[in-house]
Amino acid sequence: IDDITSSIWTSISRRLRNPLNGPKINENDQKRYKNKIINFCHESKLDGIFQYFRTNSNIQEEVTITSSSVRNGDLQKVVQSDDPENAFYTENAPDQWVCFEFLKTNIIPTKYTIRSDKWKPGEDHLRNWVIEGSDDKTNWEIIDNKNECAFLNGYCYTHTFHISNDDHKKYKCLRIRQTGITWENTNYLCFNAIEFFGEIVQIS
């Protein structure tokens with residue numbers, strides 16, 4: 001109970017008011033979000049906002065994915081939970097990032113999940129990073145900060161992290177940015193997949 005923050009309690013309260021069989025979607029039109037808000041709570045570690053777009057829309061029309069660089073792997077597959085073989089990583093340089101720009105919606109993020117690449121512990125797994133939100137891809141706000149984090153230091157490790165967003169602020173862009181070295185003391189930004197959870201808000 002000591003670990004429950006106001007953000008977590010708000011998410012729990014909102015979830016308890018909803019059915020347990022999936023995200024809260026306006027029954028009048030599930031695919032076009034006439035109610036403007038779709039609420040994703042964490043039910044499956046890699047089944048959230050991106051998976052919803054992949055299932056109910058054309059994800060390339062919903063999200064533009066860019067990165068500071070690409071050394072290996074398919075950047076577009078970092079939002080796919082069904083391809084654990086995709087070993088994405090950037091060039092070996094400081095301050096590498098991957099950005100997700102939502103084209104038709106804004107996102108109120110509450111948590112995110114990352115799955116590491118198929119490498120043994122002590123290799124180029126994420127160790128120091130931030131999650132940032134922006135409305136213009138110029139001004140960024142840090143909404144989660146991890147330093148010396150070992151949760152992803154292993155073969156296909158998957159972990160879910162909470163985002164501090166008590167004000168329920170919505171963003172057009174979300175970004176993961178590496179802020180320090182990996183567990184192999186390099187600057188590669190490496191992961192297999194990432195998923196975000198929270199609320200999808202249609203842009204009027």
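The structure is a predicted model, in which local features need pLDDT of at least 70 and side-chain atom pairs count only at pLDDT 80 or more, while totals for chains, interfaces and linings use all residues. Residues are numbered from 1 along each chain as its sequence is written, and side-chain values use heavy atoms, with hydrogens and water left out.

Although N185 is not a glycine, its phi is positive, at about 65 degrees. N185 is exposed, with a relative accessible area of 55%; here exposed means over 50% relative accessible area, buried means under 20%, and partly exposed lies in between, with a 1.4 Å probe and protein chains only. A second residue with a positive phi that is not a glycine is C156, at about 55 degrees. C156 is placed in the loop between strand 7 (141–146) and strand 8 (158–162), and C156 is partly exposed, with a relative accessible area of 22%. Most residues other than glycine have a negative phi.

An open sheet is formed by 5 strands in the order 2-4-9-6-7, with antiparallel pairing; two strands are taken to pair if DSSP finds at least two bridges between them. The edge strands are strand 2 and strand 7, each of which pairs on one side only. Neighbouring strands of this sheet are turned by 15 degrees against each other on average, direction ignored; axes are lines fitted to C-alpha atoms, for helices over the stretch in contact, and angles run from 0 to 180 degrees between N-to-C directions. Within the sheet, strand 6 and strand 9 run antiparallel and are joined by 6 bridges, and the bridge partner of V130 in strand 9 is R177. Helix 2 packs on the sheet, where it touches strand 2 and strand 4, and its direction makes about 50 degrees with that of strand 4.

A further antiparallel pairing joins strand 5 (residues 105–115) to strand 11 over 10 bridges, and in strand 11 the bridge partner of P109 is G198. Because 9 of the 10 residues of strand 11 (residues 193–202) are buried, this strand is largely enclosed by the rest of the structure.

Leaving aside neighbours within four places in sequence, W129 is in contact (heavy atoms within 4.5 Å) with residues including Y112, I114, C149, L152, F161 and I176.

With a disulfide taken as a pair of cysteine sulfur atoms within 2.5 Å, the count comes to 0 disulfides. C99 is in no disulfide, and the nearest cysteine sulfur, that of C173, is 4.8 Å away, which is too far for a bond. Both residues of this pair are buried, C99 with a relative accessible area of 3% and C173 with a relative accessible area of 1%.

Notes:
Helix = DSSP H or I, 4+ residues; strand = E, 2+ residues; numbered from the N terminus.
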